[in-house]
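Hi there,

Here is the structure I promised to pass on to you. My notes follow below it, so please have it open while you read.

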Amino acid sequence: MTTAVRLMATVKKMLNTTLGEPMKLRSRLLTKLPLLKFPLLLALAIAFVSAHAQGAPKRIEVTAHRFNFSPAEITLKKGEPVVLVLKSTDVAHGLRFRDLHVELNVRAGSSTEVTFTPDKTGDFTGHCSVFCGSGHGSMALKLHVTE
Ligand SMILES: [Cu+2]
């Protein structure tokens, strides 16, 4: 009888040492899981953003206001896609590069964008394509496309 009790105690002790440890480790991991999730999500977000940033075309921001574009001159590379963003800080404006078949129209105080790839080198002049007042005719943006 006492041998049986002693045997049971030994088995219990063995079970505690062999099964107790991994069980404790597992429960410790479970409590830390929410903490582990955050850096993991952050790493995934960074990987996603950088993967997209590499392939995303360059953004060129141009502000239109009576009666000029700012900057007044931009330089692009032939064959490299760009996102041209046109922002108006006053009335409605437009921007048209006839030779490149690019045209944008922006509403008053708004912004718009177009993605395009310059397919030829040279110097081009974009004109405001929406009548915006007395200086409208002289409202131009110089674009240089280099090799
Ligand atoms: Cu205009």
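Which residues does Val62 touch, not counting residues up to four places away in sequence? Val62 touches Phe69, Ser70, Pro71, Leu84, Val85, Leu86 and Leu141. Two residues are in contact here if their C-beta atoms, placed from the backbone, lie within 7 Å.

Before the rest, two notes on the source. This is a predicted model, in which local features need pLDDT of at least 70, side-chain atom pairs count only at pLDDT 80 or more, and totals for chains, interfaces and linings use all residues. Residues are numbered from 1 along each chain as its sequence is written.

**Overall layout**

The protein chain has 1 helix and 9 strands, and along the sequence they follow the pattern α-β-β-β-β-β-β-β-β-β. Helices (H or I, at least four residues) and strands (E, at least two) are DSSP runs, numbered from the N terminus. Of the 147 residues in the protein chain, 14% count as buried. A residue is buried if 20 or more other C-beta atoms lie within 10 Å of its own, exposed if 12 or fewer, and partly exposed in between, with C-beta atoms placed from the backbone. Among contacts between residues at least 6 apart in sequence, 64% join residues at least 24 apart.

Four strands make an open sheet: it has 4 strands in the order 2-1-4-7, with mixed pairing. Strand 2 (68-70) and strand 7 (111-116) stand at the edges with a single partner strand each, so one side of each is left without a neighbour in the sheet. From one strand to the next, the twist averages 25°; the axes behind this angle are lines fitted to C-alpha atoms (for helices, over the stretch in contact), and angles run from 0 to 180 degrees between N-to-C directions. Two strands pair if DSSP finds at least two bridges between them.

Strand 1 and strand 4 run parallel and are joined by 7 bridges. The bridge partner of Ala64 in strand 4 is Ser88. Strand 4 (residues 82-88) also pairs with strand 7, in the antiparallel sense, over 6 bridges. Val82 stands opposite Phe116 in strand 7, and Lys87 has Ser111 of strand 7 as its bridge partner.

**The hairpin**

Strand 5 and strand 6 form a hairpin with 4 residues between them, and His101 in the turn has a positive phi of about 55°. These strands pair in the antiparallel sense over 5 bridges, with His93 opposite Val106 in strand 6.

**The core**

The largest nonpolar core has 16 residues, and those with the most contacts inside it are Val62, Ala64, Leu86 and Leu95. Such a core is a set of buried Ala, Val, Leu, Ile, Met, Phe, Trp, Tyr and Cys residues joined through C-beta atoms within 7 Å. Two or more residues each come from strand 1 (58-65), strand 4, strand 5 (93-97), strand 6 (102-106) and strand 9 (140-146). Strand 9 gives the largest share of this core, 3 residues.

Ile60 is found in strand 1. With 16 other C-beta atoms within 10 Å, Ile60 is partly exposed. Leaving out residues up to four places away in sequence, Ile60 touches Ile74, Val82, Leu84 and Val85. Ile60 and Val83 are 23 residues apart in sequence and 6.1 Å apart in space, C-alpha to C-alpha.

Thr75 has its place in strand 3 (residues 73-77). Is Thr75 buried or exposed? Thr75 is exposed, with 12 other C-beta atoms within 10 Å. Apart from its neighbours within four places in sequence, Thr75 is in contact with His144 and Thr146. From Thr75 to Ile60 the C-alpha to C-alpha distance is 9.7 Å, and the two are 15 residues apart in sequence.

His136 is found in the loop between strand 8 (122-127) and strand 9. His136 counts as partly exposed, with 17 C-beta neighbours inside 10 Å. Setting aside neighbours within four places in sequence, His136 is in contact with Phe67, Cys128 and Phe131. His136 and His65 are 71 residues apart in sequence, yet 10.0 Å apart in space, C-alpha to C-alpha.

Best wishes
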